[in-house]
Amino acid sequence: MSASRRTGPLTVSVLAAVLTLAGCDSKEASVADSGHPGPEPSASAGDAGRGTAKPAVTSATSAASASPASCRSGQVVFVHHPGDPWEVAWCVKVGATITLTLEPGRGYRWTTVGTSAPRLAEVTATETDRSGTGHATVSVHDAGEAVLSASTSFTPDPNGPPTRLWRLALHIVK
């Protein structure tokens with residue numbers, strides 16, 4: 001038997017194993033497609049019940065092309081946990097109220113939440129509690145694009161790990 005015939009089945013077996021493993025990562029790919037590995041943040045929308053609805057981790061372009069029927073409305077709750085993606089895109093409807101909770105990683109503290117377009121998405125309340133958790137309430141007033149943002153800094157050592165920026169890109173529809 002020639003060497004190529006002996007290695008042929010081995011090559012096919014290795015290829016099959018690689019393809020099988022690649023298929024197992026398909027769930028992670030939906031998060032990795034956003035450029036941010038890790039679990040998705042927790043969220044729920046008032047009109048969908050107080051359940052385990054997950055925000056779409058997509059590019060801003062995908063959020064912009066979302067149909068109004070798939071956009072969040074009413075009371076919407078967003079919780080960012082340590083390890084969640086640093087950039088998230090959502091489609092929301094005018095009139096929605098977003099309640100944000102940004103939980104810090106060990107040794108980090110959140111800044112208050114800001115907005116790029118207060119006329120469209122107004123931060124009506126924002127604070128950071130003693131534990132470093134950021135809280136905010138955002139009222140959505142008009143259609144367009146807005147970005148909510150906050151950052152964390154390492155509190156034990158100002159020369160320690162870098163400050164990290166979190167952003168929630170909003171595509172707002174009527």
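The structure holds one disulfide. It is described here from a predicted model. The bond joins cysteine 71 to cysteine 91, with an S to S distance of 1.7 Å. Distant parts of the chain are linked by this pair, whose members lie 20 residues apart. Cysteine 71 sits in the loop between helix H3 (60–64) and strand E2 (75–80). Cysteine 91 belongs to strand E3, which covers residues 87–93. The link between cysteine 71 and cysteine 91 is right-handed, with 65° about the S-S bond.

The protein comes to three helices and ten strands. Along the sequence, the order of elements is α-α-β-α-β-β-β-β-β-β-β-β-β.

Contacts and surface were examined for the protein as a whole. Among contacts between residues at least 6 apart in sequence, 58% join residues at least 24 apart. Of the 174 residues, 33% count as buried. The protein exposes about 9,700 Å². Carbon and sulfur atoms supply 57% of that area.

Terms used
Residues are numbered from 1 along each chain as its sequence is written. This is a predicted model: local features need pLDDT of at least 70, side-chain atom pairs count only at pLDDT 80 or more; totals for chains, interfaces and linings use all residues. Side-chain values use heavy atoms; hydrogens and water are left out. A disulfide is a pair of cysteine sulfur atoms within 2.5 Å. Helices (H or I, at least four residues) and strands (E, at least two) are DSSP runs, numbered from the N terminus. Buried means under 20% relative accessible area, exposed over 50%, partly exposed in between (1.4 Å probe, protein chains only). Contact means heavy atoms within 4.5 Å. Accessible areas come from the Shrake-Rupley method with a 1.4 Å probe; for residues, only the protein chains shown count as cover.
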